[in-house]
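This report covers one protein chain. It takes up the sheet, then the helices, then the salt bridges.

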Amino acid sequence: MSKRLLPLLIGLSIGGVAFAQTQPSPTSPPTPMAASSMTHTTTTTTTSTWSTQPPNGAMSENAIKTAIADAGYKEVKDLEFKDGVWRSKARGGNKKWVKLAVGPVSGRVYPTDAPSKLDEDEVSAKLTATGYQNVKDVKFDHGLWSAKAKSNDGHSVELLADPNDGSVVAQSHG
């Protein structure tokens, strides 16, 4: 039995020494091969399908300012077209600054902190009834409902919907 055990012990001893030599010590820097096997980089690129310019038929910037004033706001500042709608800050009758979104075609003003009259299911149903398919990711944010869907020609689009009637305020390029 000792004749069989001796070669096994010698083999384990040699293997243990070889294994110990290939492992880096906790204080030594990793070898180039070990470093490359541990490094993993992920790059995510997000592209927006929203135009940086108002759509055809949109109101002018001056007309948008007038629509904001007609809604009872004064001192409009930081007006810019972003993510399908005009966005700005304006001072209301209570002299507090509020953030607004304004429909580019309708000129309808949406205070970002106003509640919605519709819920998620109602908005989804209204968008589906107007011809959009696979409506998903419906959420209320910044005074408008946002959703992802397929247009009637099959393109993926992002939508902004009115919180009062579910009508489409803006649609991204599809």
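Four strands form an open sheet in the order S1-S2-S3-S4, with antiparallel pairing. Its edge strands, S1 (74–82) and S4 (109–111), each pair on one side only. From one strand to the next, the twist averages 30°. Strands pair here if DSSP finds at least two bridges between them.

The model is predicted: local features need pLDDT of at least 70, side-chain atom pairs count only at pLDDT 80 or more, and totals for chains, interfaces and linings use all residues. Residues are numbered from 1 along each chain as its sequence is written, and side-chain values use heavy atoms, with hydrogens and water left out.

Strands S2 (residues 85–91) and S3 (residues 97–102) run antiparallel and are joined by six bridges. Arg91 has Trp97 in S3 as its bridge partner.

Helix H3 (residues 61–70) lies across S1, S2, S3 and S4 and runs at about 135° to S1. Contact means heavy atoms within 4.5 Å. Axes are lines fitted to C-alpha atoms, for helices over the stretch in contact; angles run from 0 to 180 degrees between N-to-C directions.

The whole chain has four helices and eight strands. These are DSSP runs numbered from the N terminus: helices are H or I, at least four residues, and strands are E, at least two. Their order along the sequence is α-α-α-β-β-β-β-α-β-β-β-β. Of the 174 residues, 26% are buried. Buried means under 20% relative accessible area, exposed over 50%, partly exposed in between (1.4 Å probe, protein chains only).

The model has four salt bridges, each a side-chain nitrogen of Lys or Arg within 4 Å of a carboxyl oxygen of Asp or Glu. Three of them follow.

| Pair | N to O distance |
|---|---|
| Lys65 and Glu61 | 3.9 Å |
| Glu75 and Arg91 | 3.1 Å |
| Asp165 and Arg108 | 3.5 Å |

Lys65 and Glu61 both lie in H3, four residues apart, about one turn of the helix. Lys65 is partly exposed at 36% relative accessibility, and Glu61 is partly exposed at 37%.

Glu75 lies in S1 and Arg91 in S2, so this pair ties together parts 16 residues apart in sequence. Arg91 is partly exposed, at 23% relative accessible area.

Asp165 sits in the loop between strand S7 (156–161) and strand S8 (168–171), Arg108 in the loop between S3 and S4, 57 residues apart. Salt bridges that share partners join Arg108, Asp162 and Asp165 into one network. Asp165 is partly exposed at 33% relative accessible area, and Arg108 is partly exposed at 38%.
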